[in-house]
Amino acid sequence: MAEIVRAALVQTNWTGDKESMIKAHEEYARQAAAQGAKVICFQELFYGPYFCQVQDQGYYAYAESIPGPTTERFAALAAELGMVMVLPMYEQEQPGVLYNTAAVVDADGSYLGKYRKTHIPQVKGFWEKFYFRPGNLGYPVFDTAVGRIGVYICYDRHFPEGWRALGLAGATVVFNPSATSRGLSAYLWKLEQPASAVANEYFVGAINRVGVEDLGDNDFYGTSYFVDPEGQFVGAVGDDHAPELIVRDLDLGLLAEVRDRWAFYRDRRPDAYDSLVQP
């Protein structure tokens with residue numbers, strides 16, 4: 001495994017229909033590959049609007065099986081480009097059983113598995129319990145061509161337990177695809193995820209969509225970024241209004257240096273944490 005991994009994030013706006021969103025992301029992936037990227041992550045529910053601004057059963061139609069048609073379409077592209085892909089989608093396990101999910105596809109096009117969003121909000125503008133069951137697959141880490149990849153999704157980022165579980169499972173990069181709005185969470189965006197990267201000693205790729213969609217007044221503010229295990233942004237943070245492809249080099253050699261310096265995993269006290277998991 002290379003010490004330097006060139007990685008990409010996509011932040012973009014809603015184009016008006018599923019097929020045009022899929023085509024736009026295929027083009028983003030090709031652009032990333034042309035720049036040498038070997039892994040890419042798209043935004044939360046990437047091929048649709050953020051329909052959780054309203055409660056409307058009509059949006060159940062965006063759900064599909066995983067693996068399924070969109071996974072297979074991007075698996076073929078991943079194999080063509082030699083690129084690991086993280087695909088956040090709306091999953092139907094069976095009629096009436098729906099999840100907010102991210103599929104992970106390796107650089108040879110093989111489907112590696114999926115993560116289902118664990119923590120589901122139900123507040124104004126984010127009516128997610130109407131659409132999703134809580135995830136039930138734990139916190140998997142995927143062995144890929146670029147190393148061990150973890151996924152957390154949007155609201156999950158407010159809960160430290162999953163970040164730590166991914167670190168304990170050996171993640172070197174954790175992606176957090178999101179749809180989060182300017183008035184609500186902007187003050188946390190550049191605080192929580194860098195802090196989680198430091199506490200758990202890995203890289204984090206934080207992705208947020210952009211724009212105001214016609215379902216509500218949520219103003220998605222972009223500013224996607226990579227952050228290293230020292231809490232430093234890797235290159236510039238993305239624009240806060242415009243679509244952008246963000247490609248950065250991640251020096252995985254920094255992980256051993258930081259873990260040897262701080263030894264957080266050595267000094268953990270799981271024997272003292274029982275009360276943290278009591279209802």
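Tutor: Across the whole structure, a search finds 28 aromatic pairs. Rings of Phe, Tyr and Trp (its six-membered ring) are paired if their centres lie within 6.5 Å; planes under 30 degrees apart count as stacked, over 60 as edge-to-face and the rest as tilted. One of the pairs is formed by Y59 and Y62, which are stacked, at 6.0 Å centre to centre and with 25° between the planes. The model is a predicted one, in which local features need pLDDT of at least 70 and side-chain atom pairs count only at pLDDT 80 or more, while totals for chains, interfaces and linings use all residues. Residues are numbered from 1 along each chain as its sequence is written, and side-chain values use heavy atoms, with hydrogens and water left out.

Y59 counts as buried because its relative accessibility is 16%, and Y62 is buried at a relative accessible area of 17%. Here buried means under 20% relative accessible area, exposed means over 50%, and partly exposed lies in between (1.4 Å probe, protein chains only).

Y115 and Y139 also make a stacked pair, because their ring centres are 6.3 Å apart and their planes stand at 25°. This pair links distant parts of the chain, 24 residues apart: Y115 belongs to strand β5 (residues 111–116), whereas Y139 lies in the loop between β7 (126–127) and β8 (141–144). Helices (H or I, at least four residues) and strands (E, at least two) are DSSP runs, numbered from the N terminus. Y115 is buried, with 1% relative accessibility, but Y139 is partly exposed at 25%.

Y59 and Y62 belong to one aromatic cluster, which also holds F51, Y60, Y90, F130, Y131 and F132.

Charged side chains also meet aromatic faces. K18 lies over the face of Y47, at 4.3 Å from the ring centre, and R116 lies over that of Y99, at 4.0 Å. A charge sits over a ring if NZ of Lys or CZ of Arg is within 6 Å of the ring centre and within 35 degrees of the ring normal.

Another tyrosine, Y273, makes a nonpolar surface patch of about 330 Å² with L276 and V277. Such patches are made of residues with over 30% relative accessible area and no salt bridge; like charges are joined within 9 Å, and nonpolar side chains (Val, Leu, Ile, Met, Phe, Trp, Tyr) within 5 Å. Accessible areas come from the Shrake-Rupley method with a 1.4 Å probe, and for residues only the protein chains shown count as cover. A salt bridge is a side-chain nitrogen of Lys or Arg within 4 Å of a carboxyl oxygen of Asp or Glu. V277 is placed in the segment after α6 (264–267) and counts as exposed, at 66% relative accessibility.

I66 and P67 are joined by a cis peptide bond, with omega about 0°, and P67 is situated in the loop between β2 and α2 (69–81). Although C154 is not a glycine, its phi is positive, at about 45°. C154 is found in the loop between β9 (147–151) and α3 (160–168), where it is buried at 5% relative accessible area. A263, likewise not a glycine, has a positive phi of about 55°. The loop between α5 (253–262) and α6 holds A263, which is buried at 12%.
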